[in-house]
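Please open the model in your viewer and keep the selection panel at hand. The stops below say what to select next and what is there.

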Amino acid sequence: MALDRWIALILLGICLAYGYAAWFTMDSSLAPFMRRNPIWPSTFPKVLSVLGIITALIILLGLEKGEAKEGEIDYRRLGDYHIGQALTLLALMVAYALCLRPLGFLFSTTAFLIVGSYILGERKWLMMVPIALVATLIVWYLVQQVLGIYMRPLPGFFGG
Amino acid sequence: MLEGLLIGLQTALSVQNLLMVVGGCLIGTFIGMLPGLGPMSIIAIMIPVAISIGDPSAALILLAGVYYGAIFGGSTSSILLNAPGVAGTVASSFDGYPMARQGKAGKALTIAAIASFAGGTIGAILLMVFAPALSSVALLFHSAEYFALMVVGLSAIAAFAGTGQVAKALLMTVLGLIMATVGEGALFNLPRFTMGIMDLQTGFGFITLAMAMFALPEALFLVLKPRKIEGEGDGEIKDLRITRAEAKAIAPVIGRQSLQGFFIGVLPGAGATIASFLGYAVERNIATKAEQEEFGKGSIKGLAAPETANNAACTGSFVPLLTLGIPGSGTTAILLGALIALNVTPGPRLMLDDPQIFWAVIMSMFIGNLVLLVLNLPLIPYIAKVLSIPRNYLIPFILFFTLMGAYIGQNNATELLLLVGFGICATALKFADYPLAPLLIGFILGGMLEDNFARSMQLYDGISFIWERPMTLGLLVIAAILIVLPSYRSRVAKRKASGVADGD
């Protein structure tokens with residue numbers, strides 16, 4: 001089964017779960033006076049769940065025939081691409097999300113930019129470190145001073 | 001109209017807003033030139049900045065400037081490197097790149113700039129004429145018609161997705177609508193589908209979703225498959241002048257394509273990309289035999305046509321956004337999201353309630369086009385240097401700006417994890433050839449669609465509004481036809497084709 005039909009299967013599952021909530025569980029907590037309304041909070045979701053299930057089934061069963069398009073990236077040969085780099089960068093983004101508060105903006109961002117370039121194969125430390133530092137400071141200045149949004153600059157234990 | 005123009009001019013010519021236009025165009029050109037980053041990603045990245053400005057006119061002017069700049073930058077990399085930064089400028093590379101190979105890069109850029117300028121300016125004039133007329137009609141609409149109109153818009157977007165893709169685009173639209181129902185809606189004040197998670201109480205963040213749908217997958221694709229940048233982009237751009245004969249040759253092309261591109265842009269679902277390809281095809285068909293030979297080998301007409309059409313279409317796509325509040329493309333959907341975040345509801349009331357916003361945007365289109373022609377064109381040889389930034393530095397920065405955009409909007413680290421999660425899902429969808437723009441458009445329109453649906457239901461005490469209001473019924477029938485037609489036609493075509501194959 002091709003990837004698009006697997007995805008249709010997953011989306012069908014999501015639509016079914018959503019539909020179950022809309023049709024069977026949501027209305028139980030509805031106040032009696034609201035039941036007299038022609039529209040309930042669950043009305044629109046009910047319609048959507050039906051539409052979603054129908055379209056997902058059309059894709060899953062291959063009812064709509066179209067010529068197979070050659071995508072930009074052939075997912076069957078993911079190994080040929082830089083998949084390792086992409087996954088490491090995603091992990092780095094997660095790490096950044098987790099470190100931003102506890103370690104402060106300045107440290108996290110500089111580290112993110114340096115490690116990001118390193119993952120992509122950059123080894124010129126003398127270029128990388130100053131660029132990352134300067135860029136971090138500029139962005140911090142813009143966000144903090146110009147846009148006026150507070151971001152903790154330093155790690156929490158420095159009282160930043 | 002004159003009064004409106006003056007208000008708009010006054011707003012657009014303030015120092016702040018002039019800076020916004022110039023800055024937006026420059027940033028847009030700069031980033032639009034990078035292959036792989038489309039206008040949607042660029043605008044998504046710029047939204048937090050625009051929102052924190054706080055002034056809706058200034059924000060919209062900035063974002064519109066970024067939009068034109070991105071298209072302009074995209075054509076620059078199409079011409080110089082045969083590496084279109086934006087789908088809408090792919091057709092520009094057909095003749096622009098051969099011209100550059102023949103050493104006429106400067107001339108090609110000038111033609112592109114003039115064609116873009118003319119397309120954008122004529123488009124803005126048409127917008128000025130049509131938008132007020134359309135919005136005075138739209139004022140007669142009730143919520144039932146609005147509901148139906150949004151259904152038409154959403155189905156048109158799905159219908160334009162291409163053969164074999166309509167079901168996928170529809171599923172994405174429905175998924176977007178489903179995601180819009182998560183959280184506490186204005187209508188019922190009840191949290192829905194939050195699964196007891198506090199962070200979902202306010203629903204999904206629009207900026208996070210926009211970044212996850214466009215900027216992140218595009219950046220990941222750049223990591224997965226580094227594009228080979230060929231060609232000689234080392235600043236050999238000289239002799240920007242064109243001759244009088246050349247100007248004469250492209251003038252009628254520009255005139256025709258401005259009109260055609262504008263009206264294609266007005267249609268929901270058909271944007272700059274379709275306009276530019278269609279413009280190229282039409283001009284090739286009506287050219288003389290000798291000129292047809294030239295197409296694809298460096299014809300100035302072949303370059304002027306898509307360049308005019310894509311800019312006119314960009315302007316045209318503002319018509320449904322500003323008059324009906326319904327975006328026809330991913331890019332205008334993002335603009336709509338930004339406007340809602342700034343407490344401005346685009347639609348027919350916009351022209352009455354906030355005329356300065358409406359007219360300032362139109363005036364800024366003229367100024368923006370002028371900025372692109374006068375400021376950006378001479379700077380192109382220098383801006384083109386951005387193409388030589390190594391990707392080892394570029395990609396971490398793109399990822400960082402994506403993260404920052406989501407963080408600034410919500411000030412919440414959970415949002416960053418959501419961004420990465422959705423980004424991975426979006427990349428998988430992109431692998432499987434699911435279009436992502438319908439999802440975001442559905443998400444942005446979801447709230448309004450449900451509001452209008454609920455209001456009509458309450459007014460008519462049921463769904464009888466569908467057949468009691470002829471206009472609503474008519475619009476819904478159009479929506480149904482739009483969805484069924486593409487698959488019906490491909491089925492008929494296949495039956496014919498199979499008849500030929502099994503002819504024995």
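**Stops on the tour**

Begin with chain A, which is divided into domain 1 (3-65) and domain 2 (83-158), bounds that come from an automatic or database domain assignment. The C-alpha centres of these two domains of chain A lie 41 Å apart. Residues are numbered from 1 along each chain as its sequence is written, and chains are lettered from A and ligands numbered from 1 in the order in which they are written. This is a predicted model, in which local features need pLDDT of at least 70 and side-chain atom pairs count only at pLDDT 80 or more, while totals for chains, interfaces and linings use all residues.

Next, select residues 143-159 and 166-180 of chain B, helices H7 and H8 (helices are DSSP runs of H or I, at least four residues, numbered from the N terminus). Their axes come within 8 Å and cross at roughly 140°, the axes being lines fitted to C-alpha atoms over the stretch in contact, with angles from 0 to 180 degrees between N-to-C directions. H7(B) and H8(B) are therefore oblique to each other (under 35 degrees is roughly parallel, over 145 roughly antiparallel, 65 to 115 roughly perpendicular, and the rest oblique).

Now show the side chains: B:Leu154, B:Ile157, B:Ala158 and B:Ala159 in H7(B) meet B:Val166, B:Ala169, B:Leu170 and B:Thr173 in H8(B), contact requiring C-beta atoms, placed from the backbone, within 7 Å.

Finally, display both chains, where 54 residues of chain B are in contact with 53 residues of chain A. H18(B) gives the largest share of the chain B side, 10 residues.

Key: Helix = DSSP H or I, 4+ residues; strand = E, 2+ residues; numbered from the N terminus. Contact = placed C-beta atoms within 7 Å.
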